[in-house]
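Here is a briefing on one protein model, sorted by topic. Look at the chain first, then read on.

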Amino acid sequence: EVAEASNSAQALDRFSDSRPDAVIVDYRLSDGNALELMPRFKQIDASVPLLVLTGYGSIDLAVQAIKEGAEQFLTKPIELPALLVILKRLLDNERNRQKQLADQTREARDLLDPFLGDSTAIRHLAEQAQKVAATDSPVLIQGETGSGKGVLAKWLHAHGARADEAFVDLNCAGLAPDFLETELFGHRKGAFTGAVAPKTGLLEVAHRGTVFLDEIGDMDIQVQPKLLKVLEERRFRPLGEVDDRQVDIRLIAATHQDLTLLVQGRKFRSDLYFRISTLPLTIPALRERPEDILIIARALLERLSAERRREPVSLMPDAECALQEYTWPGNIRELRNVLERAVLLTDRSRLTRCDLCFDLAMTVGTFNDDSDLTLLELERLHIERVLRAEHGHVARAAARLGIPRSSLYQKIKRYDIDVSRY
């Protein structure tokens, strides 16, 4: 769509009203010239590309136009197909710039501070992480579900020597051995039934960068020796290939389980455990550092308000007391869910205790009445409780449970749970 203007004053009005994607301006205007007009465009919106056309082209004039912010300085007469090509390139460049800004904003938003708080436990973790980040050895992050293991992994990558390289993550929970193996190591075409095209494994994608394996305690024991080979020999073999490939990665692993117990139960290889636990980091549960709860809550509210482009949201004293009294079995992830739900459902700028909806069924110690249930029955009951709390939203329920959405769908199918009734 084209908006026309016959002079500078009209052009400024049109520019302010429509905020165009690009401006084509003739050098000579009835009430001035392009060099006088361009700074005023830039004051309104500096991101809009400007093209200057003139029948009186000179090197000095072109230099002046570029200094004032013109993207292109073209001499008339100009062929319309050529103008279209130039215009398209300028618009593509601007879209790419905006996309990069969006990516940077998203990365900054996603890269939370894993050390929010003043407690002794979190300060100790910060000191340990500072030392660990500078090394290239494997790191094992331990902590309860929702405590921020993934956030800490990204922080370690961002503050390490490989920060400019790829960060690739994979959640090992609930993945079948074959699927996990092909995700990690890749395969060649025809390696197995259904392999209609070659697949590059995540290890190869992360060459020179970082691989983050979340819930490594759930990794199938058949895959574990192949991962150990990568760590010890820096090589692997894609499925169906005959030659090994060299790879240079740093491994960060995380788990909410006690790997020593899994080793004793022969569900986790001791040699892999000793290899990945060179540098162990333990994230304290939120209930173990109650003095940090309000600090984290305020930071989350600031972020949630910014993401939704609404006025800042704060906490009333009764809401602060409610947050500190709760035991937070889901840790920081649950805290964010509670605050996000309150922000979404409340128009007020200050949250009260009534605005906070806790899932008391998840609190530690509430399963006493279920002591006669089998482990499978208890799992089904817990899944139903979380789905009810999230009103049947599978993605949010999966995040709350700390498992991939695909794994939750498998469990829903296995237990024949009717999500629609929630």
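Two strands pair if DSSP finds at least two bridges between them. Helices (H or I, at least four residues) and strands (E, at least two) are DSSP runs, numbered from the N terminus. The model is predicted: local features need pLDDT of at least 70, side-chain atom pairs count only at pLDDT 80 or more, and totals for chains, interfaces and linings use all residues. Residues are numbered from 1 along each chain as its sequence is written, and side-chain values use heavy atoms, with hydrogens and water left out.

**Strands β7 and β10**
- β7 and β10 pair in the parallel sense over five bridges.
- V168 stands opposite V211 in β10.
- V168 and L170 form the covered face of β7. F167, D169 and N171 form its uncovered face.
- In a regular strand the side chains alternate between the two faces of the sheet.

**The three-stranded sheet**
- This open sheet has the order β1-β4-β5, with parallel pairing.
- β1 (23-26) and β5 (72-75) stand at the edges with a single partner strand each, so one side of each has no neighbour in the sheet.
- Neighbouring strands of this sheet are turned by 25° against each other on average, direction ignored.
- Four bridges join β1 to β4 (residues 50-54). V23 has L50 as its bridge partner in β4.
- Helix α2 (residues 34-44) packs on the sheet and touches β1 and β4. Its direction makes about 170° with that of β4. Contact means heavy atoms within 4.5 Å. Axes are lines fitted to C-alpha atoms, for helices over the stretch in contact, and angles run from 0 to 180 degrees between N-to-C directions.

**The largest pocket**
- A pocket is an open set of points on a 1 Å grid over the protein atoms alone, where a 1.4 Å probe fits, with protein on both sides within 12 Å along at least five of seven lines. Lining residues have an atom within 4 Å of a point.
- The largest pocket is lined by 43 residues. L112, G148, V151, R333 and R336 lie nearest its centre.
- α12 gives the most to this lining, with six residues.
- β7 (167-171) and β10 (210-214) are among the elements that each supply at least two lining residues.

**Backbone details**
- A cis peptide bond joins K76 and P77, with omega about -5°. P77 is in the loop between β5 and α4.
- R266 has phi near 60°, a positive value in a residue other than glycine. R266 lies in the loop between α10 (259-264) and α11 (270-276).
- D416 also has a positive phi, near 55°. D416 is in the segment after α17 (405-414).

Definitions and conventions: Buried means under 20% relative accessible area, exposed over 50%, partly exposed in between (1.4 Å probe, protein chains only).
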